[in-house]
Amino acid sequence: MSTTWQATARARSNMALVKYWGKRDEALVLPHTGSLSMTLDALHTETTVRFTGREGDDTLLLDGVAARAGETARAALLLDLVRAGRAELGAAVVESRNSFPTAGGLASSASGFAALAAAASWAAGDAPSMEALSILARRASGSACRSVLGGFVEWTRGERPDGLDSVAVQRQERGLWDVAMAIAVVDTGRKETSSRDAMRDCVQTSPYYAAWVATTARDLDEARRHLDARDLPALGEVAERSFLKMHAAAMTANPPAIFWKAPTLTLLEEVRLLRARGTPAYATIDAGPHVAVFTSGSDVERISAVLRDVPGVREVRVARPGPGVERL
Ligand code: DP6
């Protein structure tokens, strides 16, 4: 077999300022709304894919440990899309390493599936466009499509039923704006509800889901404008509105998804206090208890020190706008 059936990719995680929450097509992973994120330089995944040329099951090692069945199944779905019509590639051996602890509750699926999409395509000898890579990553996990690109990235909702226009688009390259995020990791162990299940329940049962969809397009328009103007307070306010609405919809689903823990509320209070004292600091929260604070590059270390002192916070990670997926 060819020894060229191997490639390694590095992709960064991302944090949404306007959230993605809910699918209009579960199989193709098509969202009800567009979203906007910052790619995070400090949190990355490196993934090597080798197609063995032999029949068999795909194997997936995450930080040296065999992945759980659900994770392997999602990876296999993506690998099947790459292998389509090319049985000679055979089973894949995938090794993936994160620069941050996966069990720590920081989302690794975005960086993980973006790196997997790229490594698998390159291992198979393909030369996909960034748009094609973003569509491929999206099929495994929605937020992963944004991690293909660097800087600030919009995932456009798209209109087509086949999803070919539901792709990541770079809205601002990194290096143009000195902003950062301080991510306070709350001590909890593994998260209880997956974002996938919680967002499905939310779409189907929350009385507030329609309001989420109805108002997010406007948030996204505003966010894009504030990003262009590099207006931190204005973009920060949109980001806070977006995560609060997302969580309000999740909390009012049946069953309800309450991701916050006691330290989460203390962190939100700290962010309000920082702002009251004149520091630009704006919170955002994904489907978990951790709080990311969007701020200026010059304030981020001072803010991290404040967040680190909050009881129940295990660590604070600092991230600046990072690059898109790279071949190693
Ligand atoms: C709250 O991308 O993990 O982080 O598409 O089902 O894999 P699936 O969901 P996922 O959801 C991320 C939701 C979020 C918001 C966001 O990143 O935009």
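**Labels and their grounds**

Guide: P255 sits in the loop between α6 (232–251) and α7. The model is predicted: local features need pLDDT of at least 70, side-chain atom pairs count only at pLDDT 80 or more, and totals for chains, interfaces and linings use all residues. Residues are numbered from 1 along each chain as its sequence is written, and side-chain values use heavy atoms, with hydrogens and water left out.

Visitor: What makes a stretch a helix or a strand?
Guide: Both are DSSP runs, numbered from the N terminus: helices are H or I with at least four residues, strands are E with at least two.

Visitor: What joins N254 and P255?
Guide: A cis peptide bond, with omega at about 0 degrees.

Visitor: Why are β10 and β13 called paired?
Guide: Pairing requires at least two bridges found by DSSP between two strands. Six bridges join β10 (residues 179–186) to β13, so the pair qualifies. The two run antiparallel. In β13, V316 is the bridge partner of A184.

Visitor: What is the strand order of the open sheet?
Guide: The order is β11-β12-β10-β13, four strands with antiparallel pairing. β11 (281–284) and β13 (313–319) are the edge strands, because each pairs on one side only. On average, neighbouring strands are turned by 25 degrees against each other, direction ignored.

Visitor: Which strands does helix α7 touch?
Guide: Helix α7 (residues 262–276) packs on the sheet and touches β10, β11, β12 (291–296) and β13. Contact means heavy atoms within 4.5 Å. The direction of α7 makes about 155 degrees with that of β11. Such angles run from 0 to 180 degrees between N-to-C directions, with axes fitted to C-alpha atoms, for helices over the stretch in contact. Helix α8 (residues 300–308) lies across β10, β11, β12 and β13, at about 170 degrees to β13.

Visitor: How many residues surround the ligand?
Guide: 18 residues do; the closest are Y20, K23, S141, G142 and S143. A residue is near if one of its heavy atoms lies within 4 Å. Helix α4 (residues 195–205) gives the most to the shell, with three residues.
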